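Colleague: Please walk me through the packing and the pockets in this model, one point at a time.

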Amino acid sequence: IGRFRVNIFHERRGYGINIRIISNEPMNVSELKISSSIFTHVLGRSGLILVSGPNNSGKTTMVNSFIDLINEKKKVKIITFEDPIEYIHKRKQAIISQHDIQHEDKSRLREDLKSVFRQDADVVFIGEIRGADMMEIAMEMAETGYLVFATIHATDTIQTVERIAS
């Protein structure tokens, strides 16, 4: 049948529901219609790749396509922290450990992210940068040799830079 993300909420006139169909497979990077020059960075050894945009603009879809590309091409260890896990990656070349932080204690998230330093990971995906502490850890990981992917809500480049700086 498939997978769905469902949000039931209470509003002034009663209850509402939002249902989103989630594909079982990430999009192939060729479907993204982005410059192939980005793949040099996606398949790189380290750094921070930050995907920004407004809500429902395809940030998570894009990063999961990148992770799938790495999974096809490289024998590495990938660790993800997602809220919720949208795409379930099957093992190809990489070992992938996906953490659903939606159901974990949010106060422990900083410690969970820092535990990556002891887990011999090569690639880390942080589903969404939500605060200065998460940005600080993502930057520290990138500086110490990890390839880090993260998403951040922002409407344009200026707002993205402002959020990083703050």
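**Packing, contacts and pocket**

Colleague: Is E82 buried or exposed?
Modeller: The model is predicted, and the values here are computed from it. E82 has a relative accessibility of 1%. Buried means under 20%, so E82 counts as buried.

Colleague: Which residue's side chain has a polar contact with that of E82?
Modeller: E82 lies in strand β4. Its side chain takes part in a polar contact of 2.6 Å. The partner in that contact is T80.

Colleague: What distance separates the C-alpha atoms of E82 and Q98?
Modeller: Along the chain, E82 and Q98 are 16 residues apart.

Colleague: What geometry does the pair of F117 and Y146 have?
Modeller: The ring centres of F117 and Y146 are 5.6 Å apart. Their planes stand at 75°, so the pair is edge-to-face.

Colleague: Where in the chain do F117 and Y146 lie?
Modeller: F117 is partly exposed at 28% relative accessibility, whereas Y146 is buried at 9%. The two are 29 residues apart, and their pair links distant parts of the chain. F117 is in the loop between α3 and β6, and Y146 is in the loop between α4 and β7.

Colleague: Which element gives the largest share of the largest nonpolar core?
Modeller: That core has 20 residues, and F81, L113, V116, V124, I126 and M141 have the most contacts inside it. Two or more residues come from each of β4, α3, β6, α4 and β7. The largest share is 6 residues, and the element that gives it is α4.

Colleague: Which residues does I126 contact, leaving aside neighbours within four places in sequence?
Modeller: I126 is among the residues with the most contacts inside the largest core. With those neighbours left aside, I126 is in contact with F81, L113, M134, A138, V148, F149, A150 and T151.

Colleague: How many residues does the second core have?
Modeller: The second core is separate, and its members include L32, F39, V51 and V123. Its count is 18 residues.

Colleague: Which residues does T61 touch, not counting those up to four places away in sequence?
Modeller: T61 is found in helix α2. At 13% relative accessibility T61 counts as buried. With those nearby positions not counted, T61 touches M27 and Y87.

Colleague: Which lining residues are closest to the centre of the largest pocket?
Modeller: The largest pocket has a volume of about 500 Å³. Elements giving two or more residues to its lining are β1, β2, α2, β4 and β7. Of the 24 lining residues, the closest to the centre are R5, R20, N55, T60 and E86.

Key
Residues are numbered from 1 along each chain as its sequence is written. This is a predicted model: local features need pLDDT of at least 70, side-chain atom pairs count only at pLDDT 80 or more; totals for chains, interfaces and linings use all residues. Side-chain values use heavy atoms; hydrogens and water are left out. Rings of Phe, Tyr and Trp (its six-membered ring) pair if their centres lie within 6.5 Å; planes under 30 degrees apart count as stacked, over 60 as edge-to-face and the rest as tilted. Helices (H or I, at least four residues) and strands (E, at least two) are DSSP runs, numbered from the N terminus. Buried means under 20% relative accessible area, exposed over 50%, partly exposed in between (1.4 Å probe, protein chains only). Contact means heavy atoms within 4.5 Å. A nonpolar core is a set of buried Ala, Val, Leu, Ile, Met, Phe, Trp, Tyr and Cys residues joined through side-chain atoms within 4.5 Å. A polar contact is a pair of N or O atoms within 3.5 Å; within protein, one must be able to donate a hydrogen and the other to accept it, and residues adjacent in sequence count only if both atoms are side-chain atoms. On a 1 Å grid over the protein atoms alone, a cavity is a set of points where a 1.4 Å probe fits but cannot get out, and a pocket is an open set with protein on both sides within 12 Å along at least five of seven lines; lining residues have an atom within 4 Å of a point. Grid points are joined across faces, edges and corners, and a volume is the space filled by probe spheres set on the points.
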